[in-house]
Amino acid sequence: MALLDAHVRGVKPEDAKAGRNWSNYAWHGDQAPGQPWVHGLQNSECDFNDHRYSKLIIMNGKNLVENKITDSHWFTECMERGAKIVIIAPEYGAPSTKCDYWVPVRPSTDAALWLGVTRVMMDNKWYDEKFVKAFTDFPLLVRTDNLKRLRAGDVFANYASTLAADGPSKKVQGITDEQHKKLGDYVVWDAKTNSPKAITRDMVGETLAKRGIDPQLDFKGSVKLADGKEAEVATAWNHYQIHLKDYDVESVSEIASAPKELIERLAKDIATIKPVSINQGEGINHWFHATEANHAAYLPVVLTGPGFKGWVAEDPFHPNLDEKAHGREVEAHAYTKDEEPAYWNHGDIPLIVNTPKEGRKVFTGKTHMPSPTKAIFYTNVNLINNAKWAYGTIKNVLPRIELIVANEVQMTASVECSDFGLPANSWVETTDLEVTASCSNPFLQIWKGGIKPVYDSKDDLSILAGIANGLAKLTGDKRFSDYFHFENKGRRKVYLQRLLDTCTTTAGYKVDDIMAGKYGPPGGALMLFRTCPRIPFWDAGARQLSVLYRHRPIAQLQR
């Protein structure tokens, strides 16, 4: 698209635009949308085989009895070992027949239930204070005037960060100076000196203790700023105590229609049984309360204590045609802009609200202002089926689009609403190698279809290469074809090898070795995680590293 833009508008490569990439996960809600609110990442789940270590399994809108058939045997085996099973759901379904107790809830009140559980645990001091101080953002000071975290530069005159260049944030996690400047350093109230202290993102766990800082968990008071003024501040813990005043057991029981004794029982079980796994189902992740439900479910496990970056977005202006080039030698440059399809579904209209306090406010913001959508090309996603208020999308939004192209293996409502439907091969029909992995198991799988295509269909990559070849003929620019050079030559595995080269969990693997069965069955291998089963944020506990954002959990959540 960037190449095409350069031809159409006559701009230089650095000024070329390539349209927008839409998020599929967030659109249909398959993944837990609340995860990025907690730690900045999505798909940060444990492997399903980690269930074998769970002593308490909580299903929140999840059905491990009838669904996830290939993985749910781990859950069944836990029942045989005596693990306690708790179901949170509006209906008494198949999972409820296998559980120790079922917590009935009204639809969309999951977040209230979890906040109530958290309130019970905090009121009874059923939490690991040492862990909460060392691994969460609860001790960070928050300004009460603007509800933003207190920045170290606001308190200490001529503040210079002590974040070390050879520390884990920069050396291991790759945080740049520009990113660190945006994130900044924050402030805690030190109980030892009874004064504010600046902390960097590397001051986690034992590293914080070695600095001689003892963050006060529950603090509220005033802090003198660098400009001589004073600001009222309180710890995040204090703010949560205020927030949770509305979620006493009686109120939560009324909101969620859940028995009071079961709310208290769930809180005590989470506090006293380890390890605990919370499984939140795709069903509740599809709906508007999902972010709150996901976010709130972290709080109880936070109190109790103890990715993929591959070769993508090759620069179309400088494609690497050397078959033997290592993935890291490929010049990557993304000309696209990431965006949520919700903006398009809203009619490409900014969200503007006349608020009572601030008057007319543009919530879309300068950085996410949508531009009119003129053409859509999508692969393996049913936009219409997943649309919130599909009728509004079909009636009001689609007529504004000049071109819609669907690349699909089957006829869907979205294909019916498209100008072109390009038939793609199913997984059993692929004519060359394909690769996949999952967020719920550690298996890397590379395969080639076992039957000839039943109809006149092609592999997804072949379809894209064919379109690029057509553009090359129209424009006379062979770089369109060069972008898919190895696909055109029947050498797709070159692209797969580049992916393996540049992915942190597959680096060192060779496609030929995997296909020859060197690491297991032909085409199979294990992702190179630090632990088996995979434990998200293992580094945070074992290596005393920080994750990006708030509430760093050690207990596991599974979608």
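Begin by selecting helices H12 and H13: H12 passes H13 in a right-handed crossing, the near helix being turned clockwise from the far one by less than a right angle. Helices here are DSSP runs of H or I with at least four residues, and strands are E runs of at least two, numbered from the N terminus. This is a predicted model, in which local features need pLDDT of at least 70 and side-chain atom pairs count only at pLDDT 80 or more, while totals for chains, interfaces and linings use all residues. Residues are numbered from 1 along each chain as its sequence is written, and side-chain values use heavy atoms, without hydrogens and water.

H12 covers residues 249–256 and H13 residues 260–272; they pack at about 115°, with axes 9 Å apart. Axes are lines fitted to C-alpha atoms, for helices over the stretch in contact, and angles run from 0 to 180 degrees between N-to-C directions. H12 is therefore roughly perpendicular to H13 (65 to 115 degrees).

Next, select Val249, Glu250, Val252 and Ser253 in H12, which meet Lys260, Ile263 and Glu264 in H13; contact means heavy atoms within 4.5 Å.

Now turn to the open sheet of three strands, ordered S5-S9-S8 with antiparallel pairing (pairing requires at least two DSSP bridges). S5 (141–143) and S8 (220–224) stand at the edges, each with a single partner strand, so one side of each lacks a neighbour in the sheet. Five bridges join S8 to S9 (residues 230–235); select Gly221 to find its bridge partner in S9, Val233.

Finally, select helix H11 (residues 236–243), which lies across S5, S8 and S9 at about 70° to S9.

Key:
Parallel < 35°, antiparallel > 145°, perpendicular 65-115°, else oblique.
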